[in-house]
Amino acid sequence: MMSNFERDRYQKADLMPMSNQFERFELLSAYLDGEVSVEQRSSVQQWLDSDPQFQATYLQLLRLRQEMVNLPIPDASIASQQFCGQVLQKIDCQRRMRRLAIGGSIAVTALLLGMISSFAGRDRFFAPHFADISPIITEIESEPLTIALNYPVVEIPTRPH
């Protein structure tokens with residue numbers, strides 16, 4: 001049970017430390033839920049009779065409680081179906097964006113390669129330099145091709161009789 005000193009301290013809400021105000025609020029909430037002892041109930045009723053700020057808090061909690069009871073409850077199956085639909089829609093959108101980004105990067109890469117190859121055709125600096133092999137080709141063309149049938153390079157398998 002509270003002493004007279006503690007009651008006077010609780011009645012002066014402006015001078016009360018924050019933790020005590022929180023404890024009073026918790027006690028008021030428990031009072032509304034019917035979860036207080038007889039001693040706690042009498043303390044809350046005394047605060048309601050003497051403290052206008054506590055009364056205002058009590059009325060706000062009552063209104064909030066009433067509004068919570070009157071809130072419409074959405075149909076769970078419809079809400080979950082809508083939620084799933086929205087999630088799947090978001091996933092599809094992200095996939096499309098990813099495909100678009102990949103396609104765009106491929107297109108930009110192809111464009112850059114095309115630009116580089118067009119510059120390479122104009123300027124000999126970018127073109128590869130090959131050795132001149134024309135004398136070797138004419139020398140090879142002048143020799144006749146000979147095939148050694150009796151002595152092949154690779155052994156030719158024969159069928160057993």
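At what angle do the axes of helix H3 and helix H4 cross, and within what distance do they come?

Guide: This is a predicted model, in which local features need pLDDT of at least 70 and side-chain atom pairs count only at pLDDT 80 or more, while totals for chains, interfaces and linings use all residues. Residues are numbered from 1 along each chain as its sequence is written, and side-chain values use heavy atoms, with hydrogens and water left out.

The protein comprises six helices and zero strands, where helices (H or I, at least four residues) and strands (E, at least two) are DSSP runs numbered from the N terminus. Two packed helices are described by the angle between their axes and the distance between the axes. The axes of H3 (residues 38–50) and H4 (residues 52–70) cross at roughly 110° and come within 6 Å. H3 is therefore roughly perpendicular to H4. Axes here are lines fitted to C-alpha atoms, for helices over the stretch in contact, and angles run from 0 to 180 degrees between N-to-C directions; under 35 degrees counts as roughly parallel, over 145 as roughly antiparallel, 65 to 115 as roughly perpendicular and the rest as oblique. The crossing of H3 and H4 is left-handed, that is, the near helix is turned anticlockwise from the far one by less than a right angle.

On the H3 side, Val44, Trp47, Leu48, Asp49 and Ser50 meet Pro52, Phe54, Gln55 and Tyr58 of H4, contact being heavy atoms within 4.5 Å. By class, this contact of H3 with H4 has six nonpolar, two polar and one charged residues; Ala, Val, Leu, Ile, Met, Phe, Trp, Tyr, Cys and Pro count as nonpolar, Asp, Glu, Lys and Arg as charged, and the others, Gly among them, as polar.

The count of aromatic pairs comes to two, a pair being rings of Phe, Tyr and Trp (its six-membered ring) with centres within 6.5 Å; planes under 30 degrees apart count as stacked, over 60 as edge-to-face and the rest as tilted. Trp47 and Phe54 form an edge-to-face pair, 5.4 Å centre to centre with 70° between the planes. Trp47 is buried at a relative accessible area of 4%, and Phe54 is buried at 5%; buried means under 20% relative accessible area, exposed over 50%, partly exposed in between (1.4 Å probe, protein chains only).

Val36 lies in the loop between helix H2 (18–32) and H3. Val36 is also buried, at 14%. Beyond its neighbours within four places in sequence, Val36 contacts Leu27, Ala30, Tyr31 and Arg41.
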